[in-house]
Each structure stands twice: as C-alpha cells, then as structure tokens.
Amino acid sequence: MSTLMSGARMLAECLAREGVDCIFGYPGGVTLPFYDVLYDHHVRHVLVRHEENAAFAAEGYARATGKVGVCCATSGPGATNLTTGLVDAMMDSIPIVAITGQVPSKLIGSDAFQEADTFGITRPCTKHNYLVKRIDDLAQAIHEAFYVASSGRPGPVLVDITKDAFQGQGHYQPVTSVHLPGYKVFTEGHTGQIRRASQLIQESERPMVYAGGGIILANASAELREFVELADAPTVNTLMGLGALPSSHPNFISMPGMHGSYAANMGMSNADLLIALGVRFDDRVTGRLAAFAPHAKVIHVDIDPAEVGKNRAPDVPIVGDVKRVLPKLNKLIAEMPPSAKTAAARREWWSQMRAWQEEHPYDRSTSDTEIKPQHLMTEIDRLSGGNAIIASDVGQHQMWAAQLCRFNEPRLWLNSGGLGSMGFGLPAALGAQFARPDKLVFAIVGDGGFQMSVPELATIASIGLPVKIIVMNNGYLGMVRQWQTLFYNNRLSSVELDCFPDAEKLAAAYGFKGRTIDKPWELAPALEAAVKEPGPYLLNVKVSPMENVFPMVPAGGAINEMVLGTPEPVAVQ
Ligand SMILES: Cc1ncc(C[n+]2csc(CCOP(=O)(O)OP(=O)(O)O)c2C)c(N)n1
C-alpha cells in the first residue's frame, strides 16, 4: 500500500526503513523542507559545525559499526564542503550516504543562488551518485544508494535532491529489493584458483599474510584468524587493517610499510609467498614497487576486480569476498598439511621472524625531563588495553599510535589511511562515540589537525559525548617538519605552530574540562583523570618537539631499506 507524502517526508521514511538512527548534517535553504520533517521525526539529526565534519563523523560512525553512515548538506557551499569527506570515504572504502539539497529543477544551470554542480563535482569522489529532480524517483534512488554504498567494495554514494522534489507530493512505495543491471558483485571466488592457492600455501616455506582493511570491511576477522592459525603464517595488518587480527595474537607481526616495523618489512621482503587479503598494494606499503617482495609468489583475494593486478600481477588472482573465500581456503588447507620438509623450513622462518622482531622493536623510549611522543602512545595504550576506540588524525601522532597501540578487535582503529585528511580524527571520534556510547573513545590529534576541527568541540559539548581528546602537541606540523629535517637540510619552512590556545580555558569555554601537561610524571595521572571524567576531556600534551618517527622508508625506497633512527639529532636553527 502506498501513502501520499512530501518528498522530504519520503526521504525520512526511506532512511528510517534503511535502519538509519542518526544523520550528521548542517541545514540550509534548499534542505529546509527536510529539516522541517526532522523537527519531530524519530531519525535523529546531529548538528555538526562544518559540513566536512558531517562526512567525517558519518565515516566514524560507519567505521566503528559497519553500518552505513549518513550525512546531509545544503546546496552549493554545503555540498562542496562535503567533498573532502567523500574522497576520504572513497579512498578507504567506507560506506556512507550523503544527502545534498539542490536548487529547484527549473533553475538548474541558471547560476541560481547557492547553485553548484554537485552531481558533476562529486562524480569522481563517489562510488555512485544521483541527481533526483522528480519525487517519483526519490525512494528508488535512496534505497539504491544504501545498497550500492554497502555492497561489494563499500564506498560513498551521494543523492542530490532538488527543492521541488523535496516539496512535491508523491506516493511512497517501499522498495524491498534492488536490481541494478551492470552492477555485479562477485563474492565466491573461483574454485580452481582457490584450490591452486591452497596448494601454494601448503608448499610455501616462507609464507606471509598481508591483511588489510578489506578484512574489517567484510567482517572477516574470525575467518582470517582461523586461516593464519591453519597456515601458521606470520601476519601483518596494514594501517587500514589494524585490529583485523588481534594485536595480541601470536601470529601478528605488526604494520608494514613506510613507518612499519623492521620485522614486518623484512618479512615481506624475504617471503616466498604473499597471501594478500583485502589489500590494494598501496605505495605506502610497497615502497618502490619494482623491489617489493621480490622473492614472493602472490595470492591476491579482493572483492574489487579492479584492484587485482592493479599494482602487482598476482600468481593466483581471486576475485571474491574474503568472508566467503577464506572458509573455502581454510577447509582445503586443513585437509592438506605441509610436508615434513616444508614444516621444518617454516619453523626456521618463524625463528627468523622472531629474531627480526627482537633486533629492532618499535621505539618506546621515555625521558626524565620531557614527554616523548612514544611515551604518550604507550600510556594511552596501557589505558586502552587494546579495547578502546582510537580515532586518529594525520601526521606523526598517527604513525606512533598505529605502531604503539594495540587493537584486539576490528573497528577500534579509525584513521584516514588513503587520503590522509587532517581534520579527520576529532569528528570521526564524535561519530564513533555517538554510535558506540559503551566504548572508551580517544581522539588522538596533532596540534595542527586539532585546529582544523575546533568547531566540533561545540558538537561534542552539546551532546555531552565523553570523547577523550588527546592533543600530541609538538609545536610543529610534525610530519612535514620531519621531512624537512631529514630531506630538506632542516630548512623548516612554514611548519612552526607558535600559537596554541590554553586547553583548560578553551575546554571551559565549551563547558567541559581541559588541561595542559609537559612533565613526564604528569602523564599517567593526567590520562587517568581524563578517562575517569564522565564527560568530554581535552588533554593538551606538550611533547618533545623534534622527535622523528622511525623506522622510515624514504620516498621511492625499497621497504627493506629502512632508516631505523637519526644518526645524530639535527639542531634547529
Ligand atoms: C588537509 C591536509 N592538509 C595538509 C596535509 C599535509 N600534512 C600531512 S601531516 C601534516 C602535519 C600534521 O601536523 P600535526 O597535526 O601537528 O600532527 P603531527 O604530525 O605533528 O603529529 C601535514 C600538514 C594533510 N595531510 N591534510
């Protein structure tokens, strides 16, 4: 049975039917009819303070839950402000649906007030997008948007709706199933290739599992765990995949790549078989591609056919959902144990891996006089116990957090891996805490990125979200400063952040608690107090300014050519 209603109400009903409980957004002229419906609708709207943060918060919500996150903006500047978040979601394959308002259909193309070609602008930033000019197309577009965003390789979908479509009256016929000719998702994997993969795995003497964000997106952590135990393979989780295999698991080596561990990068470089699961051979992982894993055959499992063979031609390509493919592989390798010779070689491989781990562990050094960034992350990790949600911004703090914090479940580590968008961490933490009120949520941000997200302190305060905002304050755009120090002869150009607000006063201005610390002995008690606080907390931690993140693979280098530390500290002029 269909009911007559306005387009704006139809949108709200469609969202409710999709199970949406929250929209992160910002209103404006053309979305007024929708906001009028939201006035007394049970779908909750969270008023963020900048549209970019609506997209980041929707991503935080989606990354922490696996559900589709929803954001909303008005036409013109509202929609253009969303675009960084859309690209971010695109790069990290995060399922979000963005609703934007558009000028009335008869004004499109007339340079009307707040008109922008949102459809055109967002075409390359989305998995798919729609321009809805007729109310009769609205429900179909919304339900399709949710299906496309969450199926196959997830991603952002935008629906741009004209004001007249919002205002018109139409019949809502709930759409229960979606068929999109030309949009095919291959989930099962090719049986013959899966069999070939299982043989390669059981013949391999130096296997290495290279598991990424695809495992988390597919909710395939349990299947991965079974796989690495059956194959008894050392396993790295990429920056996007941290938590896919628990950090506490004995097979977990750590993160590979530019700031990955010595053992992870040496393992990848010496493996005879790389089992790549839900990864995209990102340049930050591979370093110089031609020199990447030179001795390894490659099995690549990915749901997106475009990723398989994009950067590295696999010996065994498997297009499918890791959640469906891994159980099939598990069954086959369980039936086919490796030979005694291979098993002996594997034991040697494991002792080599353990030796690399012991030779060069991550730096966790502390100082008696100043708070080292590594000390900060170690203390946050102690309080998290591998169970807190940690949303990070972009920069040195992100790399130290990724190295030094444990993640014993998927969906705990939220970061802008592909796009590397500063300003992501705080709004992502907001979205995650909204979705997971039961969880301890840290936002770890630099003093640069924090100042890009300050407006969201108001959102956090107004909802009373108990996010623990930890600013790793080194007085610099630290990661850029590190590159200038190491590769530009220490000519520090426009990287000094010489003005930072008083954290206590800033937090107080928004009605919650804050504090600045700079002594190592203050760190543990200050973090504990922040965690105990029932509401939000802003802790500004002044850390040693010139610390660099190591290991580091210089741009263009092979990943076994890591710089393990600065030979001599370089003095600032
Ligand atoms: C929006 C955006 N602008 C610029 C950059 C380039 N960038 C990468 S890291 C970085 C420095 C970040 O400084 P800060 O937030 O203080 O963190 P830190 O590196 O000191 O931990 C910059 C400018 C970026 N990633 N995103």
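This is a predicted model: local features need pLDDT of at least 70, side-chain atom pairs count only at pLDDT 80 or more; totals for chains, interfaces and linings use all residues.
Let me start with helix α10 (residues 221–231), which lies across strands β9 (207–211), β10 and β12 and runs at about 170° to β9. Contact here is a matter of heavy atoms within 4.5 Å, and the axes are lines fitted to C-alpha atoms, for helices over the stretch in contact, with angles from 0 to 180 degrees between N-to-C directions. The helices (H or I, at least four residues) and strands (E, at least two) are DSSP runs, numbered from the N terminus. Residues are numbered from 1 along each chain as its sequence is written, and side-chain values use heavy atoms, with hydrogens and water left out.

Those strands belong to an open sheet of six, in the order β11-β10-β9-β12-β13-β14, with parallel pairing; two strands pair if DSSP finds at least two bridges between them. At the edges are β11 (252–254) and β14 (316–319), each of which pairs on one side only, and from one strand to the next the twist averages 20°. Strand β10 (residues 235–237) pairs with β11 over two bridges in the parallel sense, and valine 236 has serine 254 in β11 as its bridge partner. Another helix, α8 (residues 191–203), lies across β12 (273–277), β13 (297–302) and β14, at about 135° to β14.

Now to the aromatic rings. Rings of Phe, Tyr and Trp (its six-membered ring) pair if their centres lie within 6.5 Å, and planes under 30 degrees apart count as stacked, over 60 as edge-to-face and the rest as tilted. By that rule there are 13 aromatic pairs. One of them, edge-to-face, joins phenylalanine 24 and tyrosine 61, at 6.2 Å centre to centre with 65° between the planes. Because phenylalanine 24 lies in strand β2 (residues 22–25) and tyrosine 61 in helix α3 (residues 51–65), the pair ties together parts that are 37 residues apart in sequence. Both phenylalanine 24 and tyrosine 61 are buried, where buried means under 20% relative accessible area, exposed over 50% and partly exposed in between (1.4 Å probe, protein chains only). Phe24, Tyr61 and Phe434 form one aromatic cluster.

Finally, the ligand: which residues come nearest to it? Of the 17 residues around the ligand, these are Gln396, His397, Gly420, Gly449 and Gly478, a residue being near if one of its heavy atoms lies within 4 Å.
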